[in-house]
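Please look through the structure below with its side chains displayed.

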Amino acid sequence: MTNTMKPLNLSSSANSAKILFATDEWFASADNILSPYPPTFIADLYCEQGKVMDGWETRRKRTEGHDWCVVKLGCGDDSSGPM
């Protein structure tokens, strides 16, 4: 028997991954980095926060440090049987 299992993306919202905390989500939500869909760009699409972005967009930092987020990895439906 051959193993035909494909890799499971634990950082995808399709597998229940979640952002627990993000230091800054001024321009675009950190949830966007968990999207299972390919990135898209629509040049003239705007919202209340400004230009709609498909990634995580933060404000320019004027102090030392980095923006960061805490990701709760998801889990898949393991229907391959008992371990």
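A residue counts as buried under 20% relative accessible area, as exposed over 50%, and as partly exposed in between. The model is predicted. Phenylalanine 27, with a relative accessible area of 35%, is therefore partly exposed. Tryptophan 26 falls in the partly exposed class too, at 46% relative accessibility.

How many aromatic pairs are there? The count comes to two. In one of them, phenylalanine 21 and tryptophan 68 have their ring centres 5.2 Å apart and their planes at 45 degrees, a tilted arrangement. Phenylalanine 21 belongs to strand S1 (residues 18-22), while tryptophan 68 sits in the loop between strand S3 (50-51) and strand S4 (69-72), so this pair ties together parts that are 47 residues apart in sequence. Tryptophan 26 and phenylalanine 27 make up an edge-to-face pair, with 6.5 Å from centre to centre and 90 degrees between the planes.

Another ring has a charged partner. Lysine 51 lies over the face of tyrosine 46, at 5.7 Å from the ring centre.

Ala17, Ile19, Ala22, Ala30 and Leu34 form the largest nonpolar core, which has five residues. Which residues does isoleucine 19 contact, once its neighbours within four places in sequence are left aside? Isoleucine 19 touches Ala30, Asp31, Ile33 and Leu34, and also Cys69, Val70 and Val71. Of these contacts, Ala30 and Leu34 are also listed in the core.

Definitions and conventions
Residues are numbered from 1 along each chain as its sequence is written. This is a predicted model: local features need pLDDT of at least 70, side-chain atom pairs count only at pLDDT 80 or more; totals for chains, interfaces and linings use all residues. Side-chain values use heavy atoms; hydrogens and water are left out. A nonpolar core is a set of buried Ala, Val, Leu, Ile, Met, Phe, Trp, Tyr and Cys residues joined through side-chain atoms within 4.5 Å. Buried means under 20% relative accessible area, exposed over 50%, partly exposed in between (1.4 Å probe, protein chains only). Contact means heavy atoms within 4.5 Å. Rings of Phe, Tyr and Trp (its six-membered ring) pair if their centres lie within 6.5 Å; planes under 30 degrees apart count as stacked, over 60 as edge-to-face and the rest as tilted. Helices (H or I, at least four residues) and strands (E, at least two) are DSSP runs, numbered from the N terminus. A charge sits over a ring if NZ of Lys or CZ of Arg is within 6 Å of the ring centre and within 35 degrees of the ring normal.
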